[in-house]
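Please look through the sequence and the model first, then read the points below.

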Amino acid sequence: MVSAKKSLITCFLIKTKKMNKIKTIVNNPLFKIGMALAVACILVFEKMPLYAGIAVGIAIREFLLAFKK
């Protein structure tokens, strides 16, 4: 019973570490900028320039907010 609790705790700690790493990557401003620009590129190729412009605007906003921190 004790080893089962130990393995459960270590499994939880490993998952927590992985989730924290994922959280730091996703909340990174460069990741947000890259994703917004990737969406803008896809929208340009799909011939939706208005929505692509909105995505570029979001990328510029995230770029400026990165310097605010």
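A residue is called buried when its relative accessible area is under 20%, exposed when the value is over 50%, and partly exposed in between. By that cut-off Glu-62, at 14% relative accessibility, counts as buried. The model is a predicted one. Its chain has 3 helices and 0 strands, and along the sequence these give the pattern α-α-α.

**The chain as a whole**

- Of the 69 residues in the chain, 12% are buried.
- The chain has an accessible surface of about 6,100 Å², and carbon and sulfur atoms account for 76% of that surface.
- The structure contains 1 salt bridge.

**Helix α2**

- Helix α2 covers residues 29-45.
- With 17 residues at 1.5 Å each, α2 should span 24 Å, and this agrees with the 25 Å between its end C-alpha atoms.
- Ile-33, Ala-36, Ala-40 and Leu-43 are the buried residues of α2.
- In general, an α-helix has 3.6 residues a turn, so residues three or four places apart point the same way.
- Leu-30, Ile-42 and Phe-45 are exposed on the other side of α2.
- The buried residues of α2 pack against α3.

**The loop between α2 and α3**

- Lys-47 lies in the loop that joins α2 and α3.
- The phi angle of Lys-47 is positive, near 60 degrees, although the residue is not a glycine.
- Most residues other than glycine have a negative phi.
- Lys-47 counts as exposed, because its relative accessibility is 72%.

**Helix α3**

- Helix α3 runs over residues 49-68, and its 20 residues at 1.5 Å each should span 28 Å; the end C-alpha atoms are 29 Å apart, which agrees.
- Four residues of α3 are buried: Ala-52, Ala-55, Ala-59 and Glu-62.
- Helix α2 is included in what covers the buried residues of α3.
- Pro-49, Leu-50, Leu-64, Phe-67 and Lys-68 are exposed on the face of α3 turned away from its buried side.
- Glu-62, one of the buried residues of α3, meets Arg-61 in a salt bridge between side chains, at 3.0 Å from N to O.
- Leu-65 also belongs to helix α3, and it counts as partly exposed because its relative accessibility is 29%.
- Leu-65 and Pro-29 are 36 residues apart in sequence, while their C-alpha atoms are 8.0 Å apart in space.

**The nonpolar surface patch**

- Met-19, Ile-22, Ile-25, Val-26, Phe-31 and Met-35 make up a nonpolar patch on the surface.
- Together the residues of the patch have about 550 Å² of accessible area.
- Helix α1, residues 2-26, and helix α2 each contribute at least two residues to the patch.
- The largest share of the patch comes from α1, with 4 residues.
- Met-19, a member of the patch, lies in helix α1.
- Met-19 is exposed, because its relative accessible area is 52%.

Methods: Residues numbered from 1 in each chain as written. Predicted model: local features only at pLDDT ≥ 70, side-chain atom pairs only at ≥ 80, totals over all residues. Heavy atoms only, no water. Expected span 1.5 Å × (residues − 1). Buried < 20%, exposed > 50% of the residue type's maximum accessible area, 1.4 Å probe, protein only. Contact = heavy atoms within 4.5 Å. Patch = residues over 30% accessible without salt bridge, like charges linked within 9 Å, V, L, I, M, F, W, Y side chains within 5 Å. Areas by Shrake-Rupley, 256 points an atom, 1.4 Å probe, with all protein chains shown as cover. Salt bridge = Lys/Arg side-chain N within 4 Å of Asp/Glu carboxyl O.
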